[in-house]
Amino acid sequence: MKTYPHLGLLIIRLVVGVLFLVHGFLKFSGGIENTIAFFETIGIAGFLAYVVAVIEIVGGILMILGIGTRFISVLFSMILIGALLTVKRSTGMLGGYELDIAFLAMSVSLFLSGGGPYSLSNCLIKSLPFNQESESKD
């Protein structure tokens, strides 16, 4: 059976990107003040609500496009680890933190593999003059 690892990577990147984008958008559309208040009730500085929401929105868009995949996946991993240690720890596995663990695993996977051949970064790097020059010498 033929395998398609690059398509699998693309699917993971798109799903992670869309879901983080939606989470970030909901933080602002539901009133960022609510997220700030929630952060403060669990002992996290309120301004971090802005930081997390912006990382989720901008990072989600960049992840969908495949730009800076490794860097964005590290930021997503930091957010997920923070959520696991603060909010999700007491919720239990089922109905609690299993989804966060899955997203953390996907983010780590994207860090290890990068954006793949179906990413905008890959297309941009291939079109650089110095890259074409080195290909023509081989």
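This is a predicted model: local features need pLDDT of at least 70, side-chain atom pairs count only at pLDDT 80 or more; totals for chains, interfaces and linings use all residues.
1. The core. The largest nonpolar core has 20 residues. Val16 and Phe76 touch the most other members. The elements that give two or more residues to this core are α1 (5-29), α2 (32-41), α3 (48-65), α4 and α5 (93-113). Helix α4 supplies the largest share, six residues.

2. Phe76. Beyond its neighbours within four places in sequence, Phe76 contacts Val16, Phe20, Ile55, Glu56, Gly59, Gly60, Met63 and Ser107. Note Glu56 in that list; Glu56 returns in point 4 as a salt-bridge partner.

3. Leu80. This residue sits in helix α4 (residues 69-88). Its relative accessible area is 5%, under the 20% limit, so Leu80 counts as buried.

4. Glu56 and Lys27. There are two salt bridges in the structure. One joins the side chains of Glu56 and Lys27 at 2.9 Å, N to O. Glu56 belongs to helix α3 and Lys27 to helix α1, 29 residues apart, and the pair links distant parts of the chain. Both Glu56 and Lys27 are buried.

5. Asp100 and Lys88. Their side chains meet in a salt bridge at 3.4 Å, N to O. Asp100 lies in helix α5 and Lys88 in helix α4, 12 residues apart. Asp100 is buried, at 11% relative accessible area. Lys88 reaches 25% relative accessibility and so counts as partly exposed.

Terms used
Residues are numbered from 1 along each chain as its sequence is written. Side-chain values use heavy atoms; hydrogens and water are left out. Helices (H or I, at least four residues) and strands (E, at least two) are DSSP runs, numbered from the N terminus. Buried means under 20% relative accessible area, exposed over 50%, partly exposed in between (1.4 Å probe, protein chains only). A nonpolar core is a set of buried Ala, Val, Leu, Ile, Met, Phe, Trp, Tyr and Cys residues joined through side-chain atoms within 4.5 Å. Contact means heavy atoms within 4.5 Å. A salt bridge is a side-chain nitrogen of Lys or Arg within 4 Å of a carboxyl oxygen of Asp or Glu.
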